[in-house]
Amino acid sequence: MVLFDSSISPLTHPAKLSSPLLLSSLSHRPLRYAVLGAGFAGLSVAWHLLKESPKDLNLHIDLYDEMGIGGGASGVSGGLLHPYSPKVKLLWRGVECWKECMKLLSIAEQAVSSEEDLVSLSGEFDQDFGGILDRRRFNAKNCLANCKIEIIDKNAAEKLVPHIHMPFNLAFYMPEAINVNSKYYLNALFLACQNIVKELSASGFGKKNLCLQKKSVNELCELEGEYDAVIICLGAKADLLPELAGKLPLRTCRGVILHLQLPDNIGEDYPDHGPSILSDAWLAIKGNRSLYLGSTWEWKSRNSSSNVSADEASDALQELLPKASAIYPGITSWSFAGARAGLRAMPPLTPHGSLPLLGCVNNILGNDLKCKYWLLGGLGSRGLLYHGWLGKLTAEAVLSCNEQIIPSELTSWKNKDSRP
C-alpha cells in the first residue's frame, strides 16, 4: 500500500535547451507542423515546439483533436503523479520525467491567474479541489530533485488517515507526490501555449501561430504535402489510422473511474491533509468530501467514449469498492456521484519496463513521402508522468530532424515485429 500525499506541489522553472538546434539556416523559412491529439502528449509537444524553436523561426502549428483540449483519456486521468512502479521502484528515467513534469505544471499554474481563468477554460470550478493542483498544503517555494519515499508503520499511517487498514503494518508514504486536476491542467497548458505565441510574436522576431482544429484526421494522407512534419499523439486512436493499423505494438485497455462524494448527513470528513491512496484500487482525494476511485482494466476494448453507462458504472462499483474498503473501510459511507472512462494505449514490456513508443515512422508508412511523420504513443497509464520529458524529446527531434536525440530504448520497438 502506498500513501500518496497529494497536497504538496514542488514547482520549478523551465530550462532552455542546452545544445543549439540545427535550424539556424532555416530561420527565415516558415515551417508548418501538425500535432494530432490534444492530450498530455500533444500539448507537451506543442509547448516544446514553441519554446525550443529559434526565436526568429516562422512557425505555424495546427493542433488537431475533434474532442478539444483533454477530450480523450488524458482528460479523465485520476491525476496521481509520482515516478515509481507498483513495486515502489523508481521507473526508468523517472527523475527526468518528474523534473520535466514539474516544469510544465509550474508553467500551467503561471498561465492561470484566477478562478475566473479556470472557469473560462473548463466551464466550471471545483471549490474542493481548488484548481490545477490540490492546494491544501501548497508551497510553491518547494523544489526537489525527486519524489522521496518514507516507510511508515500503522500508527503513523492512522495519523494521516484514521481507521485505515494495513494488513502488513507497513506503508510507503510519498509526501511530495502530487494530485493533479487533469482537465484543468490541460486547458491551462493550452493557455500557456497561446500566451507564448503572443509573447514570441510580439518580440519582433519570427512569427508563431498555434491553431486548435476541432476535427479528426482519419488518414495521414489527408495531411501529405500540407506540413513539414506531423506528430502523432493520438494514444489508443493511433492504431485507427489506416496507415498504422496493426503496425504498432500497442494493446488497448478501457478504464472506468468512479466519482464518490460523502453525503451531507455523514459528519466525519476525509482529513484535511489526508493523502491519496494507492493499493489494489486507488483513491485520488479531491477534497474533504470528494474523491475519485479507480480503475478498471478492460483489455482489448475499442470503446474510447468517456461516457459510462449505468450498467458499466455498476459493474465498476462492484469491482472497485471491495478493493478500496479493504484499505479504507470508511469509503462504504460514500455515495456514487458519477463515472467517466478512457481508453489507454499500453506499450509492450521491455527489460526497462513498459516504455512508450517514440520516433520517426516514415519507414513504416512507406517511401516518397514529402513530410516527416513522428510518433509519441503508448504512454499507458503514466501519461501525466511521461508527457513533459517525452514531449520535449520529441519536439527537439522534430526541430532538428534528428531521431538520434531520442534514447534508443524508446525507438527500439521499430527494430522488432511491431504487431500487437
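Strands, labelled S, are DSSP runs (E) of at least two residues, and helices, labelled H, are DSSP runs (H or I) of at least four residues, both numbered from the N terminus. The model shown in these views is predicted.

**Figure 1. The six-stranded open sheet.** The strands follow the order S8-S3-S2-S9-S19-S18, and their pairing is mixed. Strand S8 (208-213) and strand S18 (357-360) stand at the edges; each has a single partner strand, so one side of each is left without a neighbour in the sheet. From one strand to the next, the twist averages 15°. Strands of a sheet pair through backbone hydrogen bonds, in either a parallel or an antiparallel manner.

**Figure 2. Two strand pairs within the sheet.** Strand S2 (residues 31-36) and strand S3 (residues 59-64) run parallel and are joined by six bridges. Here Leu36 has Tyr64 of S3 as its bridge partner. By contrast, S18 and S19 run antiparallel, with four bridges between them. In that pair, Leu358 is partnered by Leu376 of S19. In a regular strand, the side chains alternate between the two faces of the sheet. Along S18, Leu357 and Gly359 point one way while Leu358 and Cys360 point the other way, and all of these residues are buried.

Figure 3. Helix H5 (residues 182-202) lies across S3 and S8, and runs at about 150° to S8. Helix H8 also packs on the sheet, where it touches S2, strand S9 (229-232), S18 and strand S19 (372-377). The direction of H8 makes about 170° with that of S19.

Figure 4. Leu223 belongs to the loop between S8 and S9. Is this residue buried or exposed? Its relative accessible area is 4%, under the 20% limit, so Leu223 counts as buried. Residues up to four places away in sequence aside, Leu223 touches Ala34, Leu36, Tyr64, Val217, Val230 and Tyr373. Two of these, Leu36 and Tyr64, are the bridge partners of Figure 2. Leu223 and Cys371 are separated by 148 residues in sequence and by 8.6 Å in space, C-alpha to C-alpha.

Figure 5. Helix H2 (residues 94-111) contains 18 residues and reaches 26 Å from its first C-alpha to its last, close to the 26 Å expected at 1.5 Å a residue. Of these 18 residues, 14 are buried, so H2 is largely enclosed by the rest of the structure. Two packed helices are described by the angle and the distance between their axes. The axes of H2 and helix H8 (residues 383-400) come within 7 Å and cross at roughly 90°. H2 is therefore roughly perpendicular to H8. The residues in contact include Trp98, Cys101 and Leu104 of H2, together with Leu385, His387 and Trp389 of H8. By class, this contact has eight nonpolar, two polar and four charged residues.

**Figure 6. The crossing of H2 with H5.** The axes of H2 and H5 come within 8 Å and cross at roughly 75°. H2 is thus roughly perpendicular to H5. Leu104, Leu105, Ile107, Ala108 and Ala111 of H2 meet Tyr185, Ala188, Leu189, Leu191, Ala192 and Asn195 of H5. The contact has 10 nonpolar residues, one polar residue and no charged residues.

**Figure 7. The surroundings of Ser44.** Ser44 is placed in helix H1 (residues 40-52). Ser44 is buried, with a relative accessible area of 0%. Apart from neighbours within four places in sequence, Ser44 is in contact with Leu104, Leu189, His387, Gly388, Gly391 and Lys392. Among these, Leu104 takes part in the contact of H2 with H5, as does Leu189.

Notes
Residues numbered from 1 in each chain as written. Predicted model: local features only at pLDDT ≥ 70, side-chain atom pairs only at ≥ 80, totals over all residues. Heavy atoms only, no water. Expected span 1.5 Å × (residues − 1). Buried < 20%, exposed > 50% of the residue type's maximum accessible area, 1.4 Å probe, protein only. Axes fitted to C-alpha atoms, helices over the stretch in contact; angles between N-to-C directions. Parallel < 35°, antiparallel > 145°, perpendicular 65-115°, else oblique. Contact = heavy atoms within 4.5 Å. Nonpolar A, V, L, I, M, F, W, Y, C, P; charged D, E, K, R; others polar. Pairing = 2+ DSSP bridges.
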